[in-house]
Amino acid sequence: MAAAEVANLSVSPVCPPEKRVETFQEEGCLIIRGMVQGDLLERLRKEIDRHVEDISPLGDVVHRPPDAGRFIQDYCSYSRFPVYREVGRLVAPAMAELMGSRTVRLYQDQLLVKEAGTGSWKTHWHADQPYFDIDGKQTISIWIPVDDVPRESSLEFVAKSHSRPYYLPRSFVDGKAKWFPESAGLEEVPDIERDRAAFPIRGWDARPGDALLHNFNCLHGSYAGSVSGRRVLSLRLIGDDVEVKKREWRTPTSFANNDNEGGRFPVLWPPEEADAE
């Protein structure tokens, strides 16, 4: 990537605390600085490193030449790595307020690691919601790095895209519509890179413990891979209005065969209703 291209990536203003609910509801994305700190952040960093060495059958470890590093992901691992649920409980009250929900449940956790030398591994623009087996508006995905992440390697979002109907989900590998069929009548994800100035793109550099937040239906991606490497825990949380929808395809929760079986997702908030470890 040319230095001039990186220089042209704008860093969005950080929303003040008193405007977070309004901004999240309107734009579907924002950042909260320093949400996980101190001992919990250090334990999360160690747990992620341990997880990288113990990927489940649900996960992927991919090396794509000429990159030197690997892309690693894994799903639904909170029962093996309890710090993930601890982080969820920490952030849950703030997420309930942002969603306008009385309760917060853990729909899914995901490990996302781009090792040093994965510079070509960008994340294409997409929205998560159409891939999942749930419907609802009270959703929030939290992307928490334990490393410094420059603007070009961090997540970026198309503000207000969460309020429109689903875009047709396609495979990142071969571009095929493996979820909703081509005949479903869903629009294609627009070619954002062809004219970035035409879209209200939001993006930030991220520091360890920051939380980048977005509604499940908000378009997002990353402009570039990672030269120095980044380790991230993503938690996907759901609120009161979310319902399980039976899909004709395998989803990250339906094939996990854990607590989510039958539509039961662990309660993180309020504390008097939270599920025991």
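This is a predicted model: local features need pLDDT of at least 70, side-chain atom pairs count only at pLDDT 80 or more; totals for chains, interfaces and linings use all residues.

Please find Val232 first. Leaving aside neighbours within four places in sequence, Val232 is in contact with Ile48, Gln110, Leu111, Leu112, Trp143, Ile144 and Pro145. Val232 sits in strand S12. Is Val232 buried or exposed? Its relative accessibility is 0%, so Val232 counts as buried, the cut-off being under 20%. Along the chain, Val232 and Gly209 are 23 residues apart, and their C-alpha atoms are separated by 9.6 Å.

Now the chain as a whole. The chain has 277 residues, and buried residues make up 53% of them. Its secondary structure comes to four helices and 14 strands. Take the contacts with a separation of 6 or more: 83% of them are accounted for by residues 24 or more positions apart. The chain exposes about 12700 Å², and carbon and sulfur atoms supply 51% of that area.

Next, the interior. In soluble globular proteins, nonpolar side chains tend to be buried together. How many residues does the largest nonpolar core have here? It has 36, and those with the most contacts inside it are Leu44, Ile48, Val87, Met95, Leu213 and Leu237. At least two residues of this core come from each of strand S1, helix H3, helix H4, and strands S4, S7, S10 and S12. Which of these gives the most? That is H4, with nine residues.

There is also a second, separate core of 15 residues, which includes Phe71, Trp143, Ala206 and Cys218.

H4 does bend, by about 50 degrees at Ala92, and a proline, Pro93, follows within four residues. Buried residues in H4 include Val83, Tyr84, Val87, Ala92 and Met95. Arg85 is also among the buried ones. After H4 comes Gly100, whose phi is positive, near 70 degrees.

Met95 deserves a look of its own. Setting aside residues up to four places away in sequence, Met95 touches Ile32, Met35, Val104, Ile140, Ile142, Leu213 and Leu237. Leu213 and Leu237 are, like Met95, on the list of core residues with the most contacts.

Beyond residues up to four places away in sequence, Ser77 touches His51, Tyr84 and Asp109.

On to strand S8, residues 155–158, where we find Val158. Val158 is buried, with a relative accessible area of 5%. Apart from neighbours within four places in sequence, its contacts are Trp125, Ile192, Phe199, Pro200, Cys218 and Leu219. Cys218 we have met already, in the second core. Val158 and Glu27 are 131 residues apart along the chain, yet their C-alpha atoms are separated by 8.2 Å.

Last, the cysteines. How many disulfides does a search of the whole structure find? The count is zero. Two cysteines I checked for burial are Cys15 and Cys76. Cys15 is buried, at 12% relative accessible area, and Cys76 is buried as well, at 10%.

That is the tour.

Definitions and conventions. Residues are numbered from 1 along each chain as its sequence is written. Side-chain values use heavy atoms; hydrogens and water are left out. The bend at a residue is the angle between axes fitted to the seven residues ending there and the seven starting there. Buried means under 20% relative accessible area, exposed over 50%, partly exposed in between (1.4 Å probe, protein chains only). A nonpolar core is a set of buried Ala, Val, Leu, Ile, Met, Phe, Trp, Tyr and Cys residues joined through side-chain atoms within 4.5 Å. Contact means heavy atoms within 4.5 Å. A disulfide is a pair of cysteine sulfur atoms within 2.5 Å. Accessible areas come from the Shrake-Rupley method with a 1.4 Å probe; for residues, only the protein chains shown count as cover.
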